[in-house]
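Reader: Hi, I'm new to looking at protein models and would like to go through this one with you. Could you put it up on the screen?

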Amino acid sequence: MLSKMDDYLVHQTERPLASVDSTHPDWQEAIYFNVHDGAGEFSAAFGLEVLPNANHVRTYMFTLQGSEHYSYMYAGPLESWRDEIRAGTMSFSIVEPMQTWHLELADEANGIRASMDFQARCPAYLFKPIRLEEGGEVLVGQSYYNQAGTYDGSFTVGDRVFEGLQGLRARRWGPLTMSRLPFYHWISIDLPDRCIVAWQFESDQGKVLYCDGAVVSDTGEVTRIVSLEHDWVLPDHSRHPSETELTLTLASGERLEVNCREIGSHFLGAAPAHWSTTDAAALAQAEATALSTEEYCEFRVGDERAFGILDIVSIPGYRRYGLAPLGS
């Protein structure tokens, strides 16, 4: 199928751009954003994923305000994804590549809407290639980058309007079988003059399979992160920590000590449209089924205080913290 983009001199295979150079059923192209305030009251994570070989698109938005959780998900057939980045009630458009994206979002059932422009505050960081296999099968084989920024515009939840927001965007493409991912930590921290991003995959026994990341300043300096050590405070009956101590080792040899205190968490997976953390049964269900838990955290990096996301996948379990495989 031809698209408008096929008129440009951008091809890298002999096929039209709507076709990808892979037969992997889980090959996907995805965008992701997180957004939060600086007071610990509000956070949201949203994105869009296209799977060309399955002719499938899905969008999602998970919103957290205080103890209240809201979720929106849409899935349907793939249309002109190279021309327009939209599905359901979610629309994403590039205003200026690597600098500005315009976002129109709606979760109509929950009275949530947003019209915002993401403005980059530092250069994007391209992670080293991610490739993980199991029994000769590719679980992850992707290119991936992160970029911190601020948001012009507003995000409305019921009668609350949030402005002056910050967060991060991510782009990735290639095969990804989400349900079989190894255990990992991923962080995005918004400090006043720099951001910290890192991603570390481990086996269920704690063997490091992949680690990369960086401290990226607003002025463009980049210092790579080469290891991520972690120590959890794990509440009873939980698959994610209430507090985490991280030690990040930089390529320079410097070590950053980071304290992460959970304010609230997004449980990424099948979820009710609206539920509350105060509902013990709903919380237990979210813990038992979420493929990923994105903790909205207050971070302490030395004497500095910041907000951001600590994302944890524990699908295969993790012996050190006594986590069984998800669903067992």
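Reader: Okay, how many bridges join β11 to strand β12?

Author: Three bridges join β11 to strand β12, which covers residues 160-162, and the two strands run antiparallel. Please keep in mind throughout that this is a predicted model.

Reader: And which residue stands opposite Val 161 in β12?

Author: That is Thr 156, which stands opposite Val 161.

Reader: What does the turn between β11 and β12 look like?

Author: The two strands form a hairpin with two residues between them, and Gly 158, which sits in the turn, has a positive phi of about 60 degrees.

Reader: What about β10 and β11, how many bridges do they have?

Author: Strand β10, residues 130-134, is joined by five bridges to β11, residues 137-157, and the pair runs antiparallel. Within that pairing, Arg 131 stands opposite Gly 141, while the bridge partner of Leu 132 is Val 140. The hairpin of β10 and β11 has two residues between the strands, and there Gly 135 takes a positive phi near 60 degrees.

Reader: Which way do β8 and β9 run against β11?

Author: Strand β8, residues 112-120, runs antiparallel to β11 and is joined to it by nine bridges, with Tyr 151 of β11 as the bridge partner of Phe 118. Strand β9, residues 125-126, also runs antiparallel to β11, with two bridges between them, and there Tyr 125 has Asn 146 as its bridge partner.

Reader: How many bridges are there from β11 to β13?

Author: There are nine bridges between β11 and β13, again in an antiparallel arrangement, and one of the bridge pairs is Ala 148 with Leu 168 in β13.

Reader: Switching topic, which strands close into a barrel?

Author: Eight strands do so, in the order β14-β15-β16-β17-β18-β19-β21-β22, and their pairing is antiparallel. On average, neighbouring strands of this sheet are turned by 30 degrees against each other, if direction is ignored.

Reader: Can you zoom in on β17 and β18: how many bridges join them?

Author: Eight bridges join strand β17, residues 222-233, to strand β18, residues 243-250, and the two run antiparallel. One of the bridge pairs there is Leu 228 with Leu 248 of β18.

Reader: I clicked on Glu 298; where does it lie, and is it buried or exposed?

Author: Glu 298 lies in strand β21. It counts as buried because its relative accessibility is 10%, and the limit for calling a residue buried is under 20%.

Reader: What does Glu 298 touch?

Author: If residues up to four places away in sequence are not counted, Glu 298 touches Asn 259, Cys 260, Arg 261, Ile 263, Arg 305, Ala 306 and Phe 307. As for Gly 149, which is 149 residues apart from Glu 298 along the chain, the C-alpha atoms of the two are separated by 18 Å.

Reader: Last one: what volume does the second largest pocket have?

Author: Its volume is about 640 Å³. Of the 29 residues that line this pocket, the closest to its centre are Glu 49, Tyr 60, Arg 172, Met 178 and Leu 268. The element that gives the most to the lining is β3, with five residues, and by class the lining has 18 nonpolar, five polar and six charged residues.

Methods:
Residues are numbered from 1 along each chain as its sequence is written. This is a predicted model: local features need pLDDT of at least 70, side-chain atom pairs count only at pLDDT 80 or more; totals for chains, interfaces and linings use all residues. Side-chain values use heavy atoms; hydrogens and water are left out. On a 1 Å grid over the protein atoms alone, a cavity is a set of points where a 1.4 Å probe fits but cannot get out, and a pocket is an open set with protein on both sides within 12 Å along at least five of seven lines; lining residues have an atom within 4 Å of a point. Grid points are joined across faces, edges and corners, and a volume is the space filled by probe spheres set on the points. Helices (H or I, at least four residues) and strands (E, at least two) are DSSP runs, numbered from the N terminus. Ala, Val, Leu, Ile, Met, Phe, Trp, Tyr, Cys and Pro count as nonpolar, Asp, Glu, Lys and Arg as charged, and the others, Gly among them, as polar. Two strands pair if DSSP finds at least two bridges between them. Axes are lines fitted to C-alpha atoms, for helices over the stretch in contact, and angles run from 0 to 180 degrees between N-to-C directions. Buried means under 20% relative accessible area, exposed over 50%, partly exposed in between (1.4 Å probe, protein chains only). Contact means heavy atoms within 4.5 Å.
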